[in-house]
Amino acid sequence: MAMPMNLRLGYRGEQFTVRFLRKQGYDILTVNFAAVTGEIDIVACAPDETVCFVEVKTRTEGGMFPPADAVDREKRKRLVRTAYHYLATTGRSPKKVRFDISEVTQRDVCTASINYIEGAFVPDKW
């Protein structure tokens, strides 16, 4: 059975973001970390050793709203809870963490642009 179009679009957005981050010197720790609390698209370690929890939002060209607008308050809460879960499960205790959003705008199957927002939001509690 073929993967639905929206899932293919999201998967490609994640692939574009992983390549982008690697070119920027990030180490990819995991992709699609899933827990009972939610899912994190990408967990990466920045060159300065900051652990980054990355939400990827992919849209086709011509959308009316920026993809990051889809990361509302509830989504942010789930991301933070899942980040806590990730750190507890892996035993990592980084000095710094950050929540980033990768806005991927896809022109066609092979071409996309990325607007990478470092520190897109700061959790209420950390």
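This is a predicted model: local features need pLDDT of at least 70, side-chain atom pairs count only at pLDDT 80 or more; totals for chains, interfaces and linings use all residues.
Residues are numbered from 1 along each chain as its sequence is written, and side-chain values use heavy atoms, without hydrogens or water. Local features need pLDDT of at least 70 and side-chain atom pairs pLDDT 80 or more, while totals for chains, interfaces and linings use all residues.

Start with the sheet. Strands of a sheet pair through backbone hydrogen bonds, either parallel or antiparallel. Here five strands form an open sheet in the order β1-β2-β3-β4-β5, with mixed pairing. Strands (E, at least two residues) and helices (H or I, at least four) are DSSP runs, numbered from the N terminus. Two strands pair if DSSP finds at least two bridges between them. β1 (27–35) and β5 (112–121) are the edge strands; each has a single partner, so one side of each lacks a neighbour in the sheet.

Look inside the sheet next. β3 (residues 51–60) and β4 (residues 97–106) run parallel, joined by ten bridges. Val 54 stands opposite Asp 100 in β4.

Now the core. A nonpolar core is a set of buried Ala, Val, Leu, Ile, Met, Phe, Trp, Tyr and Cys residues joined through side-chain atoms within 4.5 Å. Buried means under 20% relative accessible area, with a 1.4 Å probe and protein chains only. The largest such core has 15 residues; Ile 40, Val 43, Phe 53, Tyr 86 and Phe 99 have the most contacts inside it. α2 gives the most to this core, with five residues.

Helix α2 (residues 73–90) also gives the most to the lining of the largest pocket: six residues.

Technical notes:
Buried means under 20% relative accessible area, exposed over 50%, partly exposed in between (1.4 Å probe, protein chains only).
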